[in-house]
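Let's take a walk through this structure, one piece at a time. Have the sequence and the 3D view handy.

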Amino acid sequence: NIHLKDSSITKSLIGIAVKDDSLLNINNTIISSCSKGIFSYKKNWRFNNAGSIESNNVNFNNNDLDVQINETGKYYHNSDNFDNISIFGDGEFLVN
């Protein structure tokens with residue numbers, strides 16, 4: 001598991017990549033001016049699922065795409081602010 005808090009990620013091709021059954025806990029973070037803010041995917045065939053994300057108070061600003069969640073990935077968004085998040089992929093985006 002990866003824990004990230006009180007951070008700022010800017011001007012990156014992929015802000016954060018979460019793959020192959022990994023779990024990212026992200027809190028109080030701003031992701032801005034990235035091609036993809038958060039990318040969840042399955043890279044290695046030996047793993048069952050794409051990565052999962054649990055977020056609290058994550059703000060996306062001026063990204064080409066905020067979140068991409070591939071097939072078996074899951075994103076748990078714990079915030080009232082989700083109306084303007086751009087999401088792509090056939091994984092699950094769940095709001096708590």
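Start with an open sheet built from five strands, lined up in the order 1-3-5-7-9 with parallel pairing. At its edges sit strand 1 (2–10) and strand 9 (92–95), and each of them pairs on one side only. Go from strand to neighbouring strand in this sheet and you find them turned by 25° against each other on average, ignoring direction. Keep in mind that what you're looking at is a predicted model.

Now for the pairings themselves. Strand 3 (residues 23–32) and strand 5 (residues 52–61) run parallel and are joined by nine bridges. To spot this pair, look for L23, which stands opposite S52 in strand 5. Strand 5 also runs parallel to strand 7 (residues 74–78), with five bridges between them; here N56 has N78 in strand 7 as its bridge partner. Moving on, four bridges link strand 7 to strand 9, again running parallel, and Y76 is partnered with L94 in strand 9.

K36 is a handy landmark, as its bridge partner in strand 6 is L65.

## The nonpolar core

Which residues have the most contacts inside the largest nonpolar core? They are I16, I26, I31, I38, I53, F60 and Y75, in a core of 15 residues. As a bit of background, nonpolar side chains tend to be buried together in soluble globular proteins.

Skipping neighbours within four places in sequence, I38 touches I16, I31, I53, F60, D66, V67, Q68 and Y75, all by the contact criterion used here.

## A closer look at Q68

One name on that list, Q68, belongs to strand 6. Is Q68 buried or exposed? Its relative accessible area is 10%, so Q68 counts as buried, the cut-off being under 20%.

Apart from neighbours within four places in sequence, Q68 is in contact with K36, I38, F39, S40 and F88.

How values were computed
Residues are numbered from 1 along each chain as its sequence is written. This is a predicted model: local features need pLDDT of at least 70, side-chain atom pairs count only at pLDDT 80 or more; totals for chains, interfaces and linings use all residues. Side-chain values use heavy atoms; hydrogens and water are left out. Two strands pair if DSSP finds at least two bridges between them. Helices (H or I, at least four residues) and strands (E, at least two) are DSSP runs, numbered from the N terminus. A nonpolar core is a set of buried Ala, Val, Leu, Ile, Met, Phe, Trp, Tyr and Cys residues joined through side-chain atoms within 4.5 Å. Buried means under 20% relative accessible area, exposed over 50%, partly exposed in between (1.4 Å probe, protein chains only). Contact means heavy atoms within 4.5 Å. Axes are lines fitted to C-alpha atoms, for helices over the stretch in contact, and angles run from 0 to 180 degrees between N-to-C directions.
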